[in-house]
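Trainee: I have a model open and would like to learn how to read it. Can we go through it feature by feature?

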Amino acid sequence: MYFSSVLWLQALWASLTWAMQHYPSEYGHYDVCKSLVRSDEGIVWEYMACQPESTDMTKYLKVRLDPPDSTCGESPEKFCAMGNPYMCNNECDASTPELAHPTDLMFDFEGRNPSTFWQSITWKNYPRPLQVNITLSWNKTIELTDNIAITFESGRPEKMILEKSLDYGRTWQPYQFYAADCLDAFRMEPKSVKDLSHHTVLDIICTEEYSTGYAAHAKTISFEIKDRFAIFAGPRLHNMASLYSQLDTTKNLRDFFTVTDLRIRLLRPATGATFVDEQNLARYFYAISDIKIHGRCKCNLHANTCVFDNNKLSCECEHNTTGPDCGRCRKNYQGRPWSPGSYLTIPKGTANICTPSISSIGIAPKSPLPSVSSGLTANHKRANVCDNELQRCQNGGICHRNMRCECAAPYTGILCEKLKCEKESGGCGTRNGQGAVSRSQGLALTALLGALLLTAF
């Protein structure tokens, strides 16, 4: 008994220390997977929906060009200056670092002057189309959180398609079409994202806003993520609760902002005119100085950390989930079907944790078993459903003979881990008397536990 008490105190001490180290300095939406809370029954874990922070996702991608020899300089060639398409004495040479324009220059720091950039071969094979596919792959499902911005050092292309994949590049679907003339290029009426509404937010549009030629002040092509968020959250994204509610209840909307790969299809370079100057083809090419893509790992609201290890992104799953996207329950935690976390109820969401499997906690199966002697039965030690050390009944539940948890009135589940009203329409209201452990309470508990440990020893 003495040893068990010491182990219990040490485990609680470690849990409290961990919780205080990870206590957020400022509360944000869905950034804490669990926290210690105080209730009438004592200190218990409260589980919440959580997700990794948004970050620059270009740090983790791989780039592939098609055709592979689309980058200039394998054979040194002349091209025209960006600002003056008739000054054609510049050179691209892959064997000379100062004259090379490899793909990694699309993602380097852009504080230098002049800008660094990737550059394609020129349109020397006109009238054969000059077309290049740039595929960006993460080998991981990610969720986009900000506008995609592609900055061109050449004129912006007159025809381009941005595509996405949800299955690691096996199949593709268009995200947006870009053209100087949408009707001519794609037989689509030109539209702006500002023309979209709640009912048409998932429509694929063609825009003419980003396809002017050699405009020095207009270099960027955008895919407007935030403008689509604003359809639900308002112009300044002040009503994120409305957006989260839509994401929670509309799978197609969640999938719209989710990708494993992006593909930029450059179909026609800027010409700046209605015809191509066949005597001066060195003025036509693509050049990209910067690509910005912000997002987060998709972890199904079951992780607040995503790690990059061995050139691979993966979620550090909580809530007894596992897998690259926390997309299934861990072994022995399949007491109910896996489900993604929920943004609702705002602002903490619902964790939808995986619960212990019946078989993993010693509940006898219903199928008949071979008979055994009473002596063997008496000597067989059944695994505990609960105890006061590692498998504690939660939310004030009491462990009865290590065989079941006797739960307090509002709770149910094998370890009293969920509210009974979770299955009822409307869900549960806010728990009375509960709140996140404050720093002052944490310090007091730390002191108390320290004293208890000293007394125990």
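Trainee: What is the torsion about the S-S bond of cysteine 329 and cysteine 354, and is the disulfide left-handed or right-handed?

Mentor: Some ground rules come before that. This is a predicted model, where local features need pLDDT of at least 70, side-chain atom pairs count only at pLDDT 80 or more, and totals for chains, interfaces and linings use all residues. Residues are numbered from 1 along each chain as its sequence is written, and side-chain values use heavy atoms, with hydrogens and water left out.

Mentor: Now the general idea. A disulfide is a covalent bond between the sulfur atoms of two cysteines. Here the rule is a pair of cysteine sulfur atoms within 2.5 Å. For cysteine 329 and cysteine 354 the torsion is about -75°, so this disulfide is left-handed. Cysteine 329 lies in strand 20 (residues 328–329), and cysteine 354 in the loop between strand 20 and helix 6 (374–379), 25 residues apart. Helices (H or I, at least four residues) and strands (E, at least two) are DSSP runs, numbered from the N terminus.

Trainee: How many disulfides does the rule give?

Mentor: Eight. One of them joins cysteine 80 to cysteine 88, with S to S 1.8 Å. That link is right-handed, with 85° about the S-S bond.

Trainee: Is cysteine 88 buried or partly exposed?

Mentor: Buried means under 20% relative accessible area, exposed over 50%, partly exposed in between (1.4 Å probe, protein chains only). Cysteine 88 has 27%, so it is partly exposed. Cysteine 80 has 1%, so it is buried.

Trainee: Which residues have the most contacts inside the largest nonpolar core?

Mentor: In soluble globular proteins, nonpolar side chains tend to be buried together. A nonpolar core is a set of buried Ala, Val, Leu, Ile, Met, Phe, Trp, Tyr and Cys residues joined through side-chain atoms within 4.5 Å. The largest one here has 59 residues, and those with the most contacts inside it are Trp118, Ile134, Trp138, Ile264, Leu266 and Ile293. Strand 8 (residues 132–144) gives the largest share, six residues. A second, separate core has eight residues, among them Ile161 and Phe186.
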